Amino acid sequence: VTEPFIEWSPGCLLGKEVCLDRLEARAVDVSLLTPASDGTGPTTISLPDVNLPVALRIGSVDIGPLTLNGDAIWDRFRFGASGSGSDWSVSRLSIQREALELDASGRLQTRGDWPLDLMVEARLPPPEGDEWLLDLNLTGSATKLRVRGNSQGYLNASVSGRTEPLKPALPARLRVQTESFK
């Protein structure tokens, strides 16, 4: 971790709340030993129930480039949220990687199949032209996700579909309606 910085408010503990005001790092480089393969192939990811006994307020997380075993994961990550028990309000989730930018906000519960309702804006590098924007609403749960929204710029279209993002084969169905395609 390069240039870590943490700022928190210990006084919040008196109100049964942990307040992380700022967490910053200029860069993070993680090296993991690769486990031996057992030959079973990928498996479905299961989510734990997370029910915190105190409230948590995360004001600002700003982390520069993250590499995992030498591979770039992101160029910049920013995050802000608050919650207690298993109910969370995400005020900001922002990830940048090269020309891709993703911003999200909304609600999440960290129990069961992790119900969620998130607004997502993605800026993608278009194959041609100046821009490509996706405005999406993600609903349902982390295990069975519904997607609805619009694409603008390179592809002007409405988008709807569903996926099961934690399954290894990433089963998905997507419907794109457009009057023209470049």
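Predicted model: local features only at pLDDT ≥ 70, side-chain atom pairs only at ≥ 80, totals over all residues.

Reader: OK. How many bridges join β4 to β7, and which way do they run?

Author: β4 (residues 52-63) and β7 (residues 76-85) run antiparallel and are joined by seven bridges. Strands here are DSSP runs of E with at least two residues, numbered from the N terminus (helices would be H or I, at least four residues). Two strands pair if DSSP finds at least two bridges between them.

Reader: And what about β2 and β4, parallel or antiparallel?

Author: Parallel, with eight bridges between β2 and β4. One example is Leu 23, which has Val 61 in β4 as its bridge partner. On the other hand, β1 and β2 run antiparallel and share four bridges. There, Phe 5 faces Glu 24 in β2.

Reader: Nice. What is the order in the sheet of 11 strands?

Author: The order is β1-β2-β4-β7-β8-β9-β10-β11-β12-β13-β14, in an open sheet with mixed pairing. Its edge strands, β1 (5-8) and β14, each pair on one side only. From one strand to the next, the twist averages 15 degrees. For such angles, axes are lines fitted to C-alpha atoms (for helices, over the stretch in contact), and values run from 0 to 180 degrees between N-to-C directions.

Reader: Which strands form the sheet of three?

Author: β3, β5 and β6, in the order β3-β5-β6, again open and mixed. β3 (28-30) and β6 (71-74) are the edges, each pairing on one side only. Neighbouring strands of this sheet are turned by 25 degrees against each other on average, direction ignored. Within the sheet, β3 and β5 (residues 66-68) are parallel over three bridges. Asp 29 stands across from Thr 67 in β5.

Reader: Which residues lie nearest the centre of the largest pocket?

Author: Leu 136, Leu 138, Leu 145, Val 147 and Thr 163, out of 22 lining residues. At least two lining residues come from each of β10 (115-123), β11 (132-141), β12 (145-153), β13 (157-163) and β14 (172-177).

Reader: How does that lining divide into nonpolar, polar and charged?

Author: The largest pocket's lining has 17 nonpolar, three polar and two charged residues. Ala, Val, Leu, Ile, Met, Phe, Trp, Tyr, Cys and Pro count as nonpolar, Asp, Glu, Lys and Arg as charged, and the others, Gly among them, as polar.

Reader: And what lines the second largest pocket?

Author: Its lining includes Leu 93, Leu 100, Ala 104, Val 120 and Leu 136. β9 (100-109), β10 and β11 are the elements giving two or more residues to that lining. The second largest pocket has a volume of about 230 Å³, and its lining counts 11 nonpolar, no polar and no charged residues.

Reader: Last topic, charges. How many salt bridges does the structure hold?

Author: Nine. A salt bridge is a side-chain nitrogen of Lys or Arg within 4 Å of a carboxyl oxygen of Asp or Glu. One of them joins Arg 57 and Asp 21, at 3.2 Å from N to O. That pair links distant parts of the chain, with Arg 57 in β4 and Asp 21 in β2 (residues 17-25), 36 residues apart.

Reader: Which residues are linked in a network?

Author: Glu 101, Asp 103, Glu 121 and Arg 123 are linked by salt bridges. Between Arg 123 and Glu 121, the N to O distance is 2.4 Å.

Reader: What is the relative accessible area of Arg 123?

Author: 21%, which makes Arg 123 partly exposed; buried would be under 20% and exposed over 50%, with partly exposed in between (1.4 Å probe, protein chains only). Glu 121 is partly exposed too, at 33%.

Notes. Residues numbered from 1 in each chain as written. Heavy atoms only, no water. 1 Å grid on protein atoms, 1.4 Å probe; cavity = no way out; pocket = protein on both sides within 12 Å on 5 of 7 lines; lining within 4 Å. Points joined across faces, edges and corners; volume = space filled by probe spheres on them.
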